[in-house]
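Subject: Structure for you, with notes

Hello,

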Amino acid sequence: MGEGALSAVLETVPKPWMPFSSLLTLQFPPNTTMKASGLAAVAVCVTALCVAVTVGLDNGAAKTPPMGWSTWNTLRGHFNESTLQRQALVMVTSGMADAGYKYFNIDDTWPEKHRDAEGNIVASKTKFPSGMPAFSQWIRSHGLKLGLYTAHGKQTCQRYPGSLGYETQDAEMYSRWQVDFLKNDWCSKPDCPDEKAFADMRDALNKTGRHIVYSIHWNYGKKPSPNHQIPQSALSNMWRIGNDIHPDWGSILRLID
C-alpha cells in the first residue's frame, strides 16, 4: 500500500466530533492491496487518534476505565441503605465485582436537604440511619468502592445542596468518608464560569491526598466540535456531554451520535 493510498484511508478515520456510525468502516481506495505493514500503520494511526482524545486528568485515579453501577437509572431517589446493601451484594455474588465492576455510585438525593450549622454536607438520616461513614465501611468491606454525587452550582438537579462555595469542605468530608468516586453534575449555571466551578472541586479533591475519580457533566449547550474543544481532560478523569441515559439501546445510540 503506497503513501498516497494510506493517506486516503486516514482521511476516512472518524474525528471525535463525527457521529458513531462513522466509526464502523474505513474506506479503502479501489484496487488497494493492503500488506501487513500497512494494516499495522493504520492501526497505529487510529490508536494514536483515540489516545489523543481520551487523555484525562492525571491525579493518580482512574488508571484503568472505572466500571461499576449507579443508582439513577434503576432507583432514581427511591433508596435507603438496606436497598443499596442488597444491590451491592448482587454485584459481589454475581461475579461482577470480580470482573472489575467495583464502583458503587450513589446519585442525586443522598444528602439532607440542608447543610448543618457548620455548613457540612450531611447524609440523609432517613436513608442512611447508620451514617455515611458506616455505610462506606460496609461497602469497602465487600470489596467495592463508594461513589457519591454533587453538582457544581448551588443546588443539584433534584434541589439538594450543591458544592458551589463548599468545594474544600465537601472534598474533605468525602475523603473522611473514604469516597473513591465523585460525580459533579451540571444542573444550573453557577455564579462563575463553569470551568472555574469544576476546577475548584478538582483542586479541592486533589488537596485531600486521596485518589478520587472525578467525573463531570459538561453543559448541554457546549458540545465539542471541530472549532470548539472543551478542556474536560484538564478538569476531570471522565466526563459526559449529553442528556441522561436510559436503560435501552436506542438511548445509548442517540447519546453516542
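First, a term: a polar contact is a pair of N or O atoms within 3.5 Å; within protein, one must be able to donate a hydrogen and the other to accept it, and residues adjacent in sequence count only if both atoms are side-chain atoms. Helices (H or I, at least four residues) and strands (E, at least two) are DSSP runs, numbered from the N terminus.

This is a predicted model, in which local features need pLDDT of at least 70, side-chain atom pairs count only at pLDDT 80 or more, and totals for chains, interfaces and linings use all residues. Residues are numbered from 1 along each chain as its sequence is written, and side-chain values use heavy atoms, with hydrogens and water left out.

Confidence
pLDDT is the predictor's confidence in each residue, from 0 to 100. The protein has a mean pLDDT of 82, and 74% of its residues reach 70 or more. Residues 6–10 are below 50; this stretch has 13 contacts in the model beyond near neighbours in sequence. Contact means heavy atoms within 4.5 Å. Over residues 12–53 pLDDT also stays under 50, and the model has 40 contacts for them beyond four places in sequence. Where pLDDT is low, the predicted coordinates should not be read in detail.

Helix 4
At the start of helix 4, a side-chain oxygen of Asn 80 comes to within 3.0 Å of the backbone nitrogen of Ser 82. Helix 4 has 13 residues and spans 18 Å from first C-alpha to last, close to the 18 Å expected at 1.5 Å a residue. (The expected span is 1.5 Å times one less than the number of residues.) Buried means under 20% relative accessible area, exposed over 50%, and partly exposed in between (1.4 Å probe, protein chains only). In helix 4, the buried residues are Glu 81, Thr 83, Leu 84, Ala 88 and Met 91. They are on the same side of helix 4 because they cover an arc of only 155 degrees around the axis. That arc is taken from the directions from the helix axis to the C-beta atoms. Arg 86 and Thr 93 are exposed on the other side. Cover for the buried residues includes strand 1 (68–70), helix 3 (72–75), strand 2 (103–105) and helix 5. After helix 4 comes Gly 95, with a positive phi near 90 degrees.

The core
A nonpolar core is a set of buried Ala, Val, Leu, Ile, Met, Phe, Trp, Tyr and Cys residues joined through side-chain atoms within 4.5 Å. The largest one has 39 residues, and Phe 104, Ile 106 and Trp 110 touch the most other members. Helix 7 gives the largest share, five residues. Beyond four places in sequence, the contacts of Ile 106 include Phe 79, Leu 84, Phe 135 and Leu 146.

Two loops
His 152 sits in the loop between strand 3 and helix 6. At 1% relative accessibility, His 152 is buried. Its side chain makes a polar contact of 2.9 Å with that of Asp 194. Arg 159 lies in the loop between strand 3 and helix 6. Arg 159 is not a glycine, yet has a positive phi of about 70 degrees. Most residues other than glycine have a negative phi. Arg 159 is partly exposed, at 49%. Ala 62 also has a positive phi, about 55 degrees. Ala 62 is in the loop between helix 2 (36–52) and strand 1, and is partly exposed at 27% relative accessibility.

Best wishes
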